[in-house]
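Please view the chain alongside the text.

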Amino acid sequence: MNRIMRVLPVATIAALSCLVVTAARSQTNSADAKYPPTTEGDFVVHNFKFESGDTLPDLKLHYTTLGKPARDAQGRATNAVLILHGTGGSGQQFLVPYFAGELFNPGQILDASRYYLVLVDGVGHGRSSKPSDGLHAHFPQYDYADMVALHHKLLTEGLGVDHLRLIFGTSMGCMHSFVWGETYPDFMDALMPLASLPVEIAGRNRMQRRMILDAIRTDPGWNNGEYQSQPRGLVTAVYLLIVMGSSPLQMQKAAPTRAAADKLLEEQVRARLKGLDANDLLYQVDASRDYNPAPGLGKI
């Protein structure tokens, strides 16, 4: 059977983006959640070979699922949806009320009683294997191709999913969706990429990422990744992340005076530094170094 894999139109993407923003304002109470309970697990990949040529004897991927898989007469999965997080995030970020409460409940777009939702912590993120587990700067230098290959292994070997109805990705997850579409073009029916473009990371985007990497690597306290306490360069990296991920207009509304701006900055820095590790962040940002799906878009 011939199929055409679809990248959902911009209007649809914009509509869902607006839905998520509106949902954030509504502050749905977690008690209102009507979707099925989540199931968490760990899948271990043995002797995974990275694009760099390095290997890890045991690599853990943490995942969360909602709903149950459905299969056709041939046993092929028909309702699986892979949801991919952004840089520094995890699958758990999609369980907050303003996201899950607006998308996963009965009758909503990603109704978990109809779909089998898979939320995975990418390598280097969340509760999956990452530098701060002990290897520090000796952890393999993973890239997006590695991350997508590991997602594929989790689905096929760990969860028994051989086909996806949809891949839904935000930011880094959006970039992963384009890599997915080019690497495994027959694996999914549709892609919904949100908040990135299928082009090489360059210009200000690359410069800001380079500033984050340099802020950490050039700090003497980093000590080639073998620091005893988090290096001061991590604070500089957080400053840059705040600028990268903010809107000037919304920041002006949120902090319309000098005192309010100083207070908001201090609050955001404290919140972002909590639990943040310099090596983990360095690897997370550097993973985008060779992202450029533009030449291969015709494969989708």
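Buried means under 20% relative accessible area, exposed means over 50%, and partly exposed lies in between (1.4 Å probe, protein chains only). Ala-195 is exposed by this rule, with a relative accessible area of 69%.

This is a predicted model, in which local features need pLDDT of at least 70, side-chain atom pairs count only at pLDDT 80 or more, and totals for chains, interfaces and linings use all residues. Residues are numbered from 1 along each chain as its sequence is written, and side-chain values use heavy atoms, with hydrogens and water left out.

**Overall fold**

The chain holds nine helices and seven strands. Helices (H or I, at least four residues) and strands (E, at least two) are DSSP runs, numbered from the N terminus. Of the 300 residues, 45% count as buried. A contact means heavy atoms within 4.5 Å. Among contacts between residues at least 6 apart in sequence, 76% join residues at least 24 apart.

**Cores**

A nonpolar core is a set of buried Ala, Val, Leu, Ile, Met, Phe, Trp, Tyr and Cys residues joined through side-chain atoms within 4.5 Å. The largest has 53 residues. Leu-59, Leu-82, Leu-155, Leu-164 and Trp-180 have the most contacts inside it.

What does Trp-180 touch, leaving aside its neighbours within four places in sequence? Its partners are Leu-82, Leu-84, Val-148, His-151, His-152, Leu-155, Ile-167, Pro-185, Phe-187 and Met-188.

**Helix packing**

Two packed helices are described by the angle between their axes and the distance between the axes. Axes are lines fitted to C-alpha atoms, for helices over the stretch in contact, and angles run from 0 to 180 degrees between N-to-C directions. A crossing is left-handed if the near helix is turned anticlockwise from the far one by less than a right angle, and right-handed if clockwise.

| Helix pair | Axis distance | Angle |
|---|---|---|
| α5 (residues 203–217) and α9 (residues 278–286) | within 10 Å | roughly 150° |
| α6 (residues 233–244) and α8 (residues 258–273) | 10 Å | about 115° |

The axes of α5 and α9 cross at roughly 150°. That makes α5 roughly antiparallel to α9 (angles over 145 degrees count as such). Their crossing is left-handed. From α5, the contact uses Arg-209, Ile-212, Leu-213, Ile-216 and Arg-217. From α9 come Ala-278, Leu-281, Leu-282, Val-285 and Asp-286. These residues divide into seven nonpolar, no polar and three charged. Here Ala, Val, Leu, Ile, Met, Phe, Trp, Tyr, Cys and Pro count as nonpolar, Asp, Glu, Lys and Arg as charged, and the others, Gly among them, as polar.

α6 passes α8 in a right-handed crossing. α6 contributes Leu-234, Val-235, Val-238, Tyr-239, Leu-241 and Ile-242. α8 contributes Leu-265, Gln-268, Val-269, Arg-272 and Leu-273. By class, this contact has nine nonpolar, one polar and one charged residues.

Nine of the nine residues of α9 are buried, so α9 is largely enclosed by the rest of the structure. Those buried residues pack against α5 and α6. They include Asn-279, Asp-280, Tyr-283 and Gln-284.

**Positive phi**

His-136 has phi near 50°, a positive value in a residue other than glycine. His-136 lies in the loop between β5 (116–120) and α3 (144–158). It is partly exposed, with a relative accessible area of 24%.

Ala-195 has a positive phi of about 75°, although it is not a glycine. Ala-195 sits in the loop between β7 (188–194) and α5.

Notes:
Angles under 35 degrees count as roughly parallel, over 145 as roughly antiparallel, 65 to 115 as roughly perpendicular and the rest as oblique.
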